[in-house]
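I opened a notebook for this chain. These are my entries, in the order in which I looked things up.

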Amino acid sequence: MVAKGNAGEPIVRNDVDRRGFLSRLGQSVHRHRWQCLAYCLLDTHFHLLLGTPIPNLGAGMRWLKSAHAQDVNYRHGRSGHLFGGRFYSVPIKSDDHLVSALVYVYLNPVRAGVARRPHEWEWSSYGVTVRGERAPAFLNTAAVLELFGVDPTMSRIRLAAAVDETLRLDRARWSGSDP
């Protein structure tokens, strides 16, 4: 799932906005009984991988985007739309599809040019998931790691390897060399 800023404009301007967004995300996960597997917050958009046992993604996203927009508008003395239209989402059809989506979300800061390695971007769930650090209460790292095995340590190694391999292939494509 992705939601973008209106006309490519920022949806966050500083770390206060970023922390506020993650707080609102946590509230939305709790309020709508979502399962959050991954997130990545960039200046102009965000990505979420969510499980929605109750079919309420639209209502939850409306609440999250509206609450965040009100916070940002108040804090920065602005008015009007913060987000550009509706969010975009694709249902995940298999575990392989889920792993591909996770890697996509985790590599977003690298592909956007704001980090050299995905664990360097503090506003993504990748670092806490792969390093085994304390995750935000709304983030279900266990469900992510279960995709890579039963042992959490080995699962983190396999997850990091999957991300690193995709990053290696990306860099080979960017440089024009064979992978």
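I first noted how elements are named: helices (H or I, at least four residues) and strands (E, at least two) are DSSP runs, numbered from the N terminus. Residues are numbered from 1 along each chain as its sequence is written. This is a predicted model, in which local features need pLDDT of at least 70, side-chain atom pairs count only at pLDDT 80 or more, and totals for chains, interfaces and linings use all residues; side-chain values use heavy atoms, with hydrogens and water left out.

Entry: Ser28. I found Ser28 in helix H1. I looked up burial next: buried means under 20% relative accessible area, exposed over 50%, and partly exposed in between, with a 1.4 Å probe and protein chains only. Ser28 has a relative accessible area of 0%, so Ser28 is buried. Not counting residues up to four places away in sequence, Ser28 touches Arg33, Trp34, Gly60, Trp63 and Leu64, where contact means heavy atoms within 4.5 Å.

Entry: the core. I took a nonpolar core to be a set of buried Ala, Val, Leu, Ile, Met, Phe, Trp, Tyr and Cys residues joined through side-chain atoms within 4.5 Å. The largest one has 49 residues, and Leu25 and Phe46 have the most contacts inside it. Elements giving two or more residues to this core include helix H1 (15–32) and strand E3 (45–51). H3 gives the most, with eight residues.

Entry: aromatic pairs. Rings of Phe, Tyr and Trp (its six-membered ring) pair if their centres lie within 6.5 Å; planes under 30 degrees apart count as stacked, over 60 as edge-to-face and the rest as tilted. I found four aromatic pairs in the structure. The ring centres of Phe21 and Phe46 are 4.7 Å apart and the planes are at 45 degrees, so this pair is tilted. Phe21 is in helix H1 and Phe46 in strand E3, 25 residues apart, and the pair links these distant parts of the chain. Both Phe21 and Phe46 are buried. Ring pairs also link Phe21, Phe46 and Phe83 into a cluster.

Entry: cysteines. How many disulfides does a search of the whole structure find? With a disulfide taken as a pair of cysteine sulfur atoms within 2.5 Å, the search finds zero. The cysteine sulfur closest to that of Cys36 is in Cys40, 12 Å away, so the two are too far apart for a bond. Cys36 is buried, at 1% relative accessibility, and Cys40 is buried with a relative accessible area of 1%.
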